[in-house]
Amino acid sequence: MDIALALAAAFFFALGLVLQEKAASDQPPESVRAGFLTRLAQQPIWLLGLLAQGIGFVAQAIALGIGRMVVVQPLLVATIVFALPLGRLIEKRRIQRADMIGAALVAGGLGALLVVSKTSAGEDDASLLSWAVIGGGAV
């Protein structure tokens with residue numbers, strides 16, 4: 001169930017992004033100035049995109065609540081894969097060969113991650129020392 005919810009979240013994130021992109025690209029170039037975001041927020045398609053993003057966040061939160069972060073979070077990369085056909089459908093954007101190859105590589109990588117990772121063997125909570133070492137390394 002966590003995998004299905006994570007993929008649903010990725011789909012809704014992609015849908016929201018494509019809808020908001022459509023709303024923004026439908027505006028004339030000279031309208032990109034102060035107040036642009038306010039004008040976009042009055043567009044129904046922009047608001048629909050915002051709603052889709054919200055649904056994505058809820059699905060992600062539920063997936064993280066019932067699943068493991070190491071499984072759920074990487075699956076959100078599927079947003080990229082979902083955005084291609086949604087962009088084609090909504091924006092009438094042409095999908096290039098390089099886009100298809102990239103999407104196939106992302107999907108293959110996600111599939112490989114799910115198959116070869118041993119997520120159930122991990123610990124639910126890391127020690128304070130582990131967090132300090134990882135956090136220090138990230139900084």
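Modeller: A residue counts as buried under 20% relative accessible area, as exposed over 50%, and as partly exposed in between. The model discussed here is predicted.

Colleague: As which class does Glu 21 count, given its relative accessibility?

Modeller: The relative accessibility of Glu 21 is 38%. The class between the limits of 20% and 50% is the one that applies. Glu 21 therefore counts as partly exposed.

Colleague: With which side chain does that of Glu 21 meet in a salt bridge?

Modeller: Glu 21 lies in helix α1, and its partner lies 72 residues away, in the loop between α5 and α6 (97-116). The pair thus links distant parts of the chain. The N to O distance is 2.8 Å, and the partner of Glu 21 is Arg 93.

Colleague: Is Arg 93 buried, partly exposed or exposed?

Modeller: Arg 93 has a relative accessibility of 33%. Buried would require a value under 20%, and exposed a value over 50%. Arg 93 therefore counts as partly exposed.

Colleague: How many salt bridges does a search of the whole structure find?

Modeller: Another joins the side chains of Asp 26 and Lys 22, at 3.3 Å from N to O. Asp 26, at 47% relative accessibility, counts as partly exposed, and Lys 22, at 22%, also counts as partly exposed. For the whole structure, the number of salt bridges found is two.

Colleague: How are α1 and α5 oriented to each other?

Modeller: Two packed helices are described by the angle between their axes and the distance between the axes. Helix α1 (residues 2-25) and helix α5 (residues 78-91) have axes 8 Å apart, at an angle of about 40°. Angles under 35 degrees would count as roughly parallel. The orientation of α1 and α5 is therefore oblique.

Colleague: In the contact of α1 with α5, how many residues are nonpolar?

Modeller: The contact includes Leu 7, Phe 11 and Val 18 of α1, and Phe 82, Leu 86 and Ile 90 of α5. Glu 21 and Lys 22 of α1 and Glu 91 of α5 are also among the contacting residues. By class, three residues are polar and three are charged, while the number of nonpolar residues is 14.

Colleague: How are α1 and α3 oriented to each other?

Modeller: Helix α3 (residues 44-66) packs on α1 with the axes 7 Å apart and an angle of about 160°. An angle over 145 degrees meets the cut-off for this class. The orientation of α1 and α3 is therefore roughly antiparallel.

Colleague: Which handedness does the crossing of α1 and α3 have, left-handed or right-handed?

Modeller: By class, the contact of α1 with α3 has 20 nonpolar, six polar and two charged residues. α1 passes α5 in a right-handed crossing. The crossing in which α1 passes α3 is left-handed.

Colleague: How many helices are there in the chain?

Modeller: From the N terminus on, the elements run α-α-α-α-α-α-α. Buried residues make up 28% of the 139 residues. The chain has zero strands, and its number of helices is seven.

Colleague: How far apart in space are Gly 102 and Ile 80, C-alpha to C-alpha?

Modeller: Gly 102 is found in helix α6 and is partly exposed, with a relative accessible area of 27%. In sequence, Gly 102 and Ile 80 are 22 residues apart. In space, their C-alpha to C-alpha distance is 9.2 Å.

Definitions and conventions
Residues are numbered from 1 along each chain as its sequence is written. This is a predicted model: local features need pLDDT of at least 70, side-chain atom pairs count only at pLDDT 80 or more; totals for chains, interfaces and linings use all residues. Side-chain values use heavy atoms; hydrogens and water are left out. Axes are lines fitted to C-alpha atoms, for helices over the stretch in contact, and angles run from 0 to 180 degrees between N-to-C directions. Helices (H or I, at least four residues) and strands (E, at least two) are DSSP runs, numbered from the N terminus. Angles under 35 degrees count as roughly parallel, over 145 as roughly antiparallel, 65 to 115 as roughly perpendicular and the rest as oblique. A crossing is left-handed if the near helix is turned anticlockwise from the far one by less than a right angle, and right-handed if clockwise. Contact means heavy atoms within 4.5 Å. Ala, Val, Leu, Ile, Met, Phe, Trp, Tyr, Cys and Pro count as nonpolar, Asp, Glu, Lys and Arg as charged, and the others, Gly among them, as polar. A salt bridge is a side-chain nitrogen of Lys or Arg within 4 Å of a carboxyl oxygen of Asp or Glu. Buried means under 20% relative accessible area, exposed over 50%, partly exposed in between (1.4 Å probe, protein chains only).
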